[in-house]
Amino acid sequence: MAARAKKTSAKKTQTVLTNTARSPEPAEFTKEEELQFYHDMLLIRRFEEKAGQLYGMGVIGGFCHLYIGQEAVVTGTVKAIKQGDQVITSYRDHGHMLATGMNPRGVMAELAGRKDGFSKGKGGSMHMFSKEKNFFGGHGIVGAQVPIGTGLAFSNKYLGRDNVTLVYFGDGAANQGQVYESFNMASLWKLPVVYVIENNQYAMGTAVSRASAETDFSRRGLSFEIPGYVVDGMDVCAVKSAADEAVAWARSGKGPIILDMQTYRYRGHSMSDPAKYRTKEEVEKVKTEHDPINQVKNRCIQKGWATEDELKDIDKKVRAIVADAADFAENDPEPDVSELYTDVLL
C-alpha cells in the first residue's frame with residue numbers, strides 16, 4: 001500500500017509540472033486592440049520619462065522607481081480583467097495606476113507631493129490608491145502587497161463576488177516568506193487570485209541566477225499545487241493571451257495561478273541606482289530587439305494598420321497628456337500643514 005501511495009503521489013506531481021510548463025500561444029488581435037496597446041504602453045513610457053526628468057529637477061523627491069521597459073506586463077494583464085476586479089502592486093507602481101485608468105494629473109501631482117495627488121500629496125511615488133479604480137496600492141515594503149492582495153481575493157470569495165485579484169510582485173520579492181504563506185492559503189481555499197511575477201531579471205541589483213535557487217518562477221507554487229506559466233513579458237500579445245487564460249482559471253473557482261512574466265527594466269532599481277551590475281550592451285540589445293512598444297509599432301506598420309506618421313501622431317497626443325500632467329503637478333499647491341494630522345490611523 002505504501003508503494004502504491006508513493007506512485008500516486010509521484011504521478012500527481014508530474015501532472016502539476018506538466019501544467020506549469022505549458023504557456024498559452026499568443027492570440028491574434030485586431031487593429032483597434034493593437035493600436036490601443038500601443039497608446040497605453042506609450043503613455044506609461046512617456047509618463048515615466050517625464051517623471052525621471054522631474055526627479056532630476058528636484059520637483060519629485062524621495063524614492064522613485066520607474067517602469068520603463070516593463071510596460072507590456074501591466075498593459076496586457078489589466079486588459080484581461082473586468083469592472084470590480086482588484087489590482088495591487090509594489091512600489092514600482094506608476095504604470096499600474098495609469099493602466100487602471102487613474103488620471104495622469106493626479107498621479108503626477110502625488111509624485112510631486114501636491115494636494116491634488118491621489119494620496120493628497122502625503123504618499124508620494126510608492127503609496128497611491130484609488131477606490132474608484134479598485135487600485136489598492138503601491139506598497140513600499142518588499143512583498144507586503146502579496147498577503148494583502150490574497151486577502152482581497154479572500155474577501156471576493158467570502159462575499160460571493162465574481163471578482164479576481166491581480167497581485168503583482170518582482171523576482172526579488174518572490175523569495176519572501178510571506179509570499180509562500182499567501183500561496184498556501186490561496187491554494188487551500190481556492191481563492192480567485194492571479195500572482196503576476198514581474199521578473200525583470202535583477203530585483204534590486206542582483207541577477208536572478210545569483211539570488212534564486214529556482215529561477216523558473218512559474219514553478220514556485222508547485223508545493224502548493226498552484227499551476228503557472230512562463231510568459232514573454234516583452235510581448236503585450238503574449239501577456240494578454242496568458243492573462244486571459246489565468247483570469248478565467250481563477251474566476252471559475254479553480255484557485256490561484258502564477259504568471260512568470262519575463263520582462264526587463266531599462267533603468268536601475270530606482271532613480272538613485274546607476275545599474276552598474278549589467279553592461280550597456282545588454283540593455284541596448286533588449287531595447288533594439290525586444291522593446292514592447294516597438295514590437296507593436298512594427299506589427300502595425302507591417303500589417304498596414306498604421307503609417308509612421310499616424311503612430312507619430314499618437315505619440316504627439318500622448319506627450320501632450322503627459323506635459324499637461326507635469327504642468328498641473330508643478331503648479332498645484334502643496335498640502336496645507338493641517339493635512340499632517342488627517343487620515344492617520346493610530
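Trainee: Where is glutamine 201 placed?

Mentor: In the loop between β3 and α8. Helices (H or I, at least four residues) and strands (E, at least two) are DSSP runs, numbered from the N terminus.

Trainee: What should I know about the model before I read on?

Mentor: This is a predicted model, so local features need pLDDT of at least 70 and side-chain atom pairs count only at pLDDT 80 or more, while totals for chains, interfaces and linings use all residues. Residues are numbered from 1 along each chain as its sequence is written, and side-chain values use heavy atoms, with hydrogens and water left out.

Trainee: Okay, back to glutamine 201. What's its phi?

Mentor: About 80°, a positive value, although glutamine 201 is not a glycine. Most residues other than glycine have a negative phi.

Trainee: How accessible is glutamine 201?

Mentor: Its relative accessibility is 24%, so glutamine 201 counts as partly exposed. Buried means under 20% relative accessible area, exposed over 50%, and partly exposed in between (1.4 Å probe, protein chains only).

Trainee: What about the phi of lysine 120?

Mentor: Phi of lysine 120 is positive too, near 60°, and this residue is not a glycine either. You'll find lysine 120 in the loop between α5 (104–111) and α6 (145–158). With 37% relative accessibility, lysine 120 counts as partly exposed.

Trainee: Changing topic: how many aromatic pairs does the whole structure have?

Mentor: A search finds 10. Rings of Phe, Tyr and Trp (its six-membered ring) pair if their centres lie within 6.5 Å; planes under 30 degrees apart count as stacked, over 60 as edge-to-face and the rest as tilted.

Trainee: Why is the pair of tyrosine 180 and phenylalanine 183 called edge-to-face?

Mentor: Because the planes of tyrosine 180 and phenylalanine 183 stand at 80°, with the ring centres 5.4 Å apart. Both residues sit in helix α7 (residues 177–188), 3 residues apart, which is about one turn of the helix.

Trainee: Is phenylalanine 183 buried or exposed?

Mentor: Phenylalanine 183 counts as buried, at 1% relative accessibility. Its ring also pairs with phenylalanine 224: the centres are 6.2 Å apart and the planes are at 70°, so that's edge-to-face as well.

Trainee: Where do phenylalanine 183 and phenylalanine 224 lie?

Mentor: Phenylalanine 183 is in helix α7 and phenylalanine 224 is in the loop between α8 (208–211) and β4 (228–232), so the pair ties together parts that are 41 residues apart in sequence. Both phenylalanine 183 and phenylalanine 224 are buried.

Trainee: Which residues form the aromatic cluster?

Mentor: Phe169, Tyr180, Phe183, Tyr195 and Phe224 form one aromatic cluster.

Trainee: Which strands pair with β3, then?

Mentor: Strand β2 (residues 165–170) pairs with β3 in the parallel sense over 6 bridges. Strand β5 (residues 257–262) also pairs with β3 in the parallel sense over 6 bridges. Two strands pair if DSSP finds at least two bridges between them.
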